[in-house]
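Here are my notes on the model, point by point. Please read them with the structure open.

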Amino acid sequence: MKLAGLSLLLSGWILVLFALVLLPSPAERAAFVVAALAVEGLGLALELRAHRDGAGERP
Amino acid sequence: MNTFSSSSSPLCVLLVLLVPLAPIGLALLNAGLNRSRSAAQALLGSLCVMALAAVAYCVAGWSLEGFAGTASHTVSLGGVSWNWIAARPLFLRGVQWTAPEACAAALQVFAVGLLALIPWGSGADRWRLGSGCAATVLLAGFIYPLFAHWVWGGGWLAQLGPAFHLGRGFMDPGGAATIQMLGGLMALVVVWILGPRRGKFPENSPPAAIPAHNIVFVLFGCMIALVGWSALNAAAAILFAGADPAALPRTVVNTMLSACGGLLAALLVTRLRFGKPDASLCANGAIAGLAASSAVAALVSPPAALFTGVVAGALLPLIIEFLEVRCRLDDPSGGIVVHGFAGLWGLLVSGFLAPAPAGQFVAQLVGIATLVGLMLPLVYLLCALLNRVAPFRTHPEGERIGMDLHELGAGAYPEFVTHSDEFLPR
């Protein structure tokens, strides 16, 4: 799950780069950047959840 | 437009001389929020972290960061040139000591110390001094310069305006992204890797409260940081945002207003939530206001700066509680929220309220996405690798007896002995 979270974070950033390079329209670009941030948010949530589940008491 | 002139240089030097008060205040605040049995290790660690950050930055960091308009490496992608890293010699060679780049280097020698203190505070009570120093070298020598080049060194984030018609490009006049948010993300990674302190999350019960050992340190550190932060915002505005030195009073007023808003909002929220104001959360509210002000102080009107601080301070106790209770994150200094979230909030506000051409908000979103989507995984990967070589977490015995005795061999308060029967009625 940690790896999936990190992958989603990175994927979100790559989407941002693609939006900048491939989309000429400002509205489309903005929408794509927001969507990419949502992907990153999902990755962060997954990462938080993965660490929460493993955050028990240590010996 | 950059208005840096020969007359700005003495003013910048004067401001840079005040900047160390920001990390000093933060170090004091972190030490106060710590447990008494780890206070000396926390403060000695703060000194070591600031020293190593300065050295690593001067040895390698500056050569990777550079300054706008100086030599750099670029790659071409999609018909656009992406300036991604500077190409300067190591050990500050080639710096023109009478030019703005010298002031920028001097400012950042202290700024990296402030940055490195953020994760150090979050790893308190369980982070080994040695691995904390190693992580600092990584942070100040590579991670910070890489991102700072993109924002302050004429890199691709700064070029979003001319290259993609996104406002004036990613704007971060006081280090809300390069210092605060990056530090907050590093703090998050450190907390993830270290795990919670012993006894923080007992089985089948709510998280245990581990109170600050010296609230006077916390509040006094907050006051000292206010001076340093004002200088940091003012100097960075001149150097990195081309602010007119004559307009600096507005930056200073905005910094103060944002901090005041953060403090008062946190005071009100904790009063309503817990029945009485919480001193440590109020201090952190003020610091959150300062962190948010780094994005807005040089750009917006005083009411907007006050609004930024109020929202940062009002949300701080709620997000800290959420992260602790729901996400089981043990962050003794609150650095993840105080610096990470508040920096993020400031960057969003500057995208909305700063006077800039169309597309500025999208530029701010691209900068935030880069921090969360690229820098966070990069920091995580590097810290996880470092953790394999130099384990972050101390020995269980170190946690039991305290980091002072375990790592330094002596406590911060050797004459402070508590006898369990001292307060019982005789």
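1. **Crossing of α9(B) and α11(B).** In this predicted model, α9(B) passes α11(B) in a right-handed crossing. Helix α9 covers residues 248–274 of chain B, and helix α11 covers residues 302–325. Their axes come within 6 Å and cross at roughly 35 degrees. The contact of α9(B) with α11(B) is made up of 17 nonpolar residues, eight polar ones and one charged.

2. **Crossing of α7(B) and α12(B).** This pair crosses with left-handed geometry. The axes of α7(B) and α12(B) come within 8 Å, at an angle of roughly 145 degrees. From α7(B), the contact includes Ala176(B), Gly183(B), Gly184(B), Leu188(B) and Val191(B). From α12(B), it includes Gly335(B), Gly340(B), Phe341(B), Gly343(B), Gly346(B) and Leu347(B). Which classes make up this contact? It has twelve nonpolar residues and eight polar ones, with no charged residues.

3. **Overall form of chain B.** Chain B has 15 helices and two strands. Its radius of gyration is 21 Å, close to the 22 Å that the globule rule gives for 426 residues, so chain B is as compact as a globular protein of that length. The C-alpha trace of chain B spans about 75 × 45 × 40 Å along its principal axes. Of the 426 residues in chain B, 62% are buried. Take the contacts in chain B between residues at least 6 apart in sequence: 79% of them join residues at least 24 apart.

4. **Nonpolar core.** The largest nonpolar core holds 173 residues. Which residues have the most contacts inside it? They are Leu107(B), Leu182(B), Ala235(B) and Val366(B). Leu107(B) touches Ala235(B), and also Val16(B), Val19(B), Ala236(B) and Leu239(B), leaving out residues up to four places away in sequence.

5. **Ala105(B).** This residue sits in helix α4 of chain B, residues 100–122. Is Ala105(B) buried or exposed? Ala105(B) counts as buried, because it has 22 C-beta neighbours inside 10 Å. Setting aside neighbours within four places in sequence, Ala105(B) is in contact with Trp62(B), Leu92(B) and Val95(B).

6. **Arg326(B).** Arg326(B) is in the loop between α11 and α12 of chain B. Arg326(B) counts as exposed because it has 11 C-beta neighbours inside 10 Å. Trp82(B) is 244 residues from Arg326(B) along the chain, and their C-alpha atoms are separated by 40 Å.

7. **Arg328(B), positive phi.** The loop between α11 and α12 (335–353) of chain B also holds Arg328(B). Phi here is near 55 degrees, a positive value in a residue other than glycine. Arg328(B) is buried, because 20 other C-beta atoms lie within 10 Å. The cut-off for buried is 20 or more.

8. **His165(B), positive phi.** His165(B) is another point to check. Its phi is near 60 degrees, positive in a residue other than glycine. The residue lies in the loop between α6 (160–164) and α7 (176–194) of chain B. His165(B) is partly exposed, with 15 other C-beta atoms within 10 Å.

9. **Overall form of chain A.** Chain A comes to two helices and zero strands. Its radius of gyration is 15 Å, well over the 10 Å that the globule rule gives for 59 residues, so chain A is more spread out than a compact globule. Its C-alpha trace spans about 55 × 15 × 10 Å along the principal axes. Buried residues account for 32% of the 59 in chain A. Among contacts in chain A between residues at least 6 apart in sequence, 68% join residues at least 24 apart.

10. **Contact of the two chains.** Chain B gives 25 residues to the contact and chain A gives 24. Which element supplies the largest share of the side of chain B that touches chain A? Helix α13 (residues 360–389) of chain B does, with eleven residues. By class, that side of chain B has 17 nonpolar, five polar and three charged residues.

Definitions and conventions:
Residues numbered from 1 in each chain as written. Chains lettered and ligands numbered in written order. Predicted model: local features only at pLDDT ≥ 70, side-chain atom pairs only at ≥ 80, totals over all residues. Core = buried A, V, L, I, M, F, W, Y, C linked by C-beta atoms within 7 Å. Buried ≥ 20, exposed ≤ 12 C-beta atoms within 10 Å, placed from the backbone. Contact = placed C-beta atoms within 7 Å. Axes fitted to C-alpha atoms, helices over the stretch in contact; angles between N-to-C directions. Helix = DSSP H or I, 4+ residues; strand = E, 2+ residues; numbered from the N terminus. Left-handed = near helix turned anticlockwise from the far one by under 90°. Nonpolar A, V, L, I, M, F, W, Y, C, P; charged D, E, K, R; others polar. Rg over C-alpha atoms; globule rule 2.2 N^0.38 Å.
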